[in-house]
Amino acid sequence: MNNLEYYKERFDRLKSAKTVDRFADIRQNAFNDFSKTGIPTSKNEEWKYTRIGNIFNKEYRSLIPDVVSAAAEEALSSVRLPGYEQANELVFVNGFFNQPLSTIRSSDLVILSLEEAAVADEYREFVKKNLGHSHHYLKDGINALNTAFMQGGLFIHVKKGYAVEHPVYIYNISDAGAGNIFCQPRSLMHVAENSQLQMAETYVTIGGSDSFTNQVMEVVIEKDAVVEYYKIQNDAANASLVSTTHFRQTGKSYIHTVTISLNGGIVRNNLNIIMESERSEAHLYGLYFHGGTSHIDNHTIVDNVKPNCFSNELYKGILNEDSTGVFNGKIYVRQDAQKTNAYQSNKNILLSDNASVNTKPQLEIFADDVKCSHGCTVGQLDEEAMFYLQSRGISESTARSLLVRAFAEDILEHIKLDPIHKYIEKLIVKRLKKGTT
Amino acid sequence: MLKIQNLHANVEGKQILKGINLEIKAGEVHAIMGPNGSGKSTLASVLAGRKEYEVTEGTVEFLGRDLLDLDPEERAGEGLFLAFQYPVEIPGLSTTNFIKTAVNEIRKYRGQESLDAVAFLKMMKEKMALMNIDQSLLSRPLNEGFSGGEKKRNEIFQMAMLQPKLAILDETDSGLDIDAIRIVANGVNKLHTKENAVLVVTHYQRLLDYIIPDFVHVLYNGRIVKSGTKELALELEEKGYDFIKNEIDVEEQV
Ligand SMILES: Nc1ncnc2c1ncn2[C@@H]1O[C@H](COP(=O)(O)OP(=O)(O)O)[C@@H](O)[C@H]1O
Ligand SMILES: [Mg+2]
């Protein structure tokens, strides 16, 4: 699956299958981009430490997989996030939004397929303007590939003035039961003025073959809106993922994100926050705790377009066994964006000699009156602290667990959605008990 | 209870302890005094089992066991406790959770059942009163942002919770004002019984006004160069460490 012919053939097939295609232009442009850039290799600076070539050397069942999967439907009951009884649940199966499996509890939410939204009077302009905006920041073939083959996408609209009482849970289920599967979920979200929303999203692969998910979600946040977003990754080692979440703050708004990554094959997160309105605020937290041979890459972009914005970013990593990590945090401060406050920090603990991490802050500042700081650390568990705990009778393994848990605390405390907070705590305790430290 | 014989120890290849001999019996209070850099904290760390310190010669017997053969947590399980000169700050770990883990790990080591929440809370309350320590301090992350006095009080509070047989207090008085010293000393005295022992390491004599030692030893240049009763502490206070130094340096030249 690594030659252009393969994709060309599929792309033509997709085009001819569609009598009407609302997305014909954007699709064609994306495919042209993909044809030019191809699958990113390590020669691409953005993909230097994350090699996805092998993912594309495999054969997949189809580039456009089956929409329906009985196994995935069955699996949903076992992969639900705690608190789901009170949540709006949006389910993707094999990259396609699945309406029957989804549950909408809030009348302040409008849920449509992307195609429906593209023709609806109220949303047509919005879709046209915002769908594919992430492309301006992610110029690689991976992002283009999703857009070129966009199918079964989801449109979410949070009505103006509503504080959505029920959180939105998004599940991405991939059925690798009948061979390797390649999924490309796509969604576009509109958080209208003065509304509030809490969101959690997770990824689950079922079946023993491999999955590769290439996801793009684009979110537009308007004036006085408040958004919390929790990304939870704890998939199996046979599940690889490129997950792009692209936020535009088009009005003065508040965004709070926590990205928790605990397992997977090759995992790459792109989190973009485009601060297009004065006095916007963004908080980006991340915790990755990996072992085995898994690879976790967090690429973030905070783009200060307008003045007086505040952003704070803290990512912490714990890498065990042969796992590898990457952190790349870009902060742009545009010429116009005076009085920007932007902070960034990445801290890592390596629990084994074979684990490694590449961390790189990247600040590009074109304004002169700004406050920016960044820093990164890579180290081991503190010997002094270990000895202190052990001198109190605490065994070495328990002491390590306590210190890892303590290290993670200032990320976990930012998970404000209570059932999700407890759930993550539990996952981490379980991981620590497994003796992976 | 504790028998140290001819103990030599290195850190980073440098010899710090050069033949320590010391015996402590149940019920006794010993004090080790000495100028800065003489090896007091090193001795305390070696006894507690810190890895950076390499024992090159000598033996230490604790309650009939070869102490040097045990891991730090096993030493704690056997009943050894070190109140640190510089307690470590651990952000993200609540003090209460830490103490609860310690209490139960030690109980496990001794083949006892874990304390349930009620029993643990009861014990906490009791010892908090003893140490004049506030609940709010204990729900904070371990030692993080604690004042010097709070850290030291927290050390003795842990000692109260863990009920060791031998407590080593390393400069527990340093940085404390006189009221805080009184509280700490009072706690130590209340915990002291005929069955346990205390080794007070201090630079100054003033703590010994409150914790009265049965024996005082002077550590200088990695060796115990003088031992006596509490009057020795007063003499040191009066004459300063120079008189010891001079005595020893002269002896060594001969
Ligand atoms: N971890 C260490 N690394 C290097 N030197 C050390 C270390 N710990 C102690 N020392 C040295 O050992 C000597 C004794 O130190 P210490 O035991 O702390 O003395 P005291 O507690 O009596 O003031 C000093 O010279 C000190 O610099
Ligand atoms: Mg000292």
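1. Ser102(A) touches Glu89(A), Leu90(A), Val91(A) and Phe97(A), leaving out residues up to four places away in sequence. The model is a predicted one. In it, Ser102(A) sits in the loop that runs between strand 2 (96-97) and strand 3 (109-113) of chain A. A polar atom of the Ser102(A) side chain lies 3.0 Å from the backbone nitrogen of Val91(A). With a relative accessible area of 12%, Ser102(A) is buried, because the cut-off for that term is under 20%.

2. Leu90(A), one of the residues touched by Ser102(A), belongs to a nonpolar core of 41 residues that also includes Met217(A), Val302(A) and Phe327(A).

3. The largest nonpolar core has 136 residues, and the members that touch the most others are Leu389(A) and Ile90(B). Helix 9 (residues 396-412) of chain A supplies the largest share, nine residues. At least three residues come from each of domain 1 (3-277) and domain 2 (381-412 + 424-437) of chain A. In soluble globular proteins, nonpolar side chains tend to be buried together.

4. Around Leu389(A), setting aside neighbours within four places in sequence, the contacts in chain A are Ile394(A), Ala399(A), Leu402(A) and Leu403(A). From chain B, Leu389(A) is in contact with Ile90(B), Leu93(B), Phe98(B) and Leu142(B).

5. Which protein atoms are donors to the magnesium ion (ligand 2)? They are OG of Ser41(B) and OE1 of Gln85(B), at 2.1 to 2.4 Å from the ion. The two residues are 44 residues apart and link distant parts of the chain. Ser41(B) is in helix 1 (residues 40-48) of chain B, while Gln85(B) is in the loop between strand 6 (80-83) and strand 7 (90-94). Ser41(B) has a relative accessibility of 25% and counts as partly exposed; Gln85(B), at 18%, counts as buried.

6. Lys339(A) is not a glycine, yet has a positive phi of about 60°. Lys339(A) lies in the loop between strand 17 (324-333) and strand 18 (341-350) of chain A, and is partly exposed, with a relative accessible area of 48%.

7. Glu171(B) also has a positive phi, near 50°, in a residue other than glycine. Its place is the loop between strand 9 (166-170) and helix 7 (178-191) of chain B. Is Glu171(B) buried or exposed? Glu171(B) is buried, with a relative accessible area of 6%.

Methods:
Residues are numbered from 1 along each chain as its sequence is written. Chains are lettered from A and ligands numbered from 1 in the order in which they are written. This is a predicted model: local features need pLDDT of at least 70, side-chain atom pairs count only at pLDDT 80 or more; totals for chains, interfaces and linings use all residues. Side-chain values use heavy atoms; hydrogens and water are left out. Helices (H or I, at least four residues) and strands (E, at least two) are DSSP runs, numbered from the N terminus. Buried means under 20% relative accessible area, exposed over 50%, partly exposed in between (1.4 Å probe, protein chains only). A polar contact is a pair of N or O atoms within 3.5 Å; within protein, one must be able to donate a hydrogen and the other to accept it, and residues adjacent in sequence count only if both atoms are side-chain atoms. Contact means heavy atoms within 4.5 Å. Donors are N, O and S atoms within 2.8 Å of the metal (3.2 Å for Na, K and Ca); water is not among the atoms, so sites may look incomplete. A nonpolar core is a set of buried Ala, Val, Leu, Ile, Met, Phe, Trp, Tyr and Cys residues joined through side-chain atoms within 4.5 Å. Domain bounds come from an automatic or database domain assignment.
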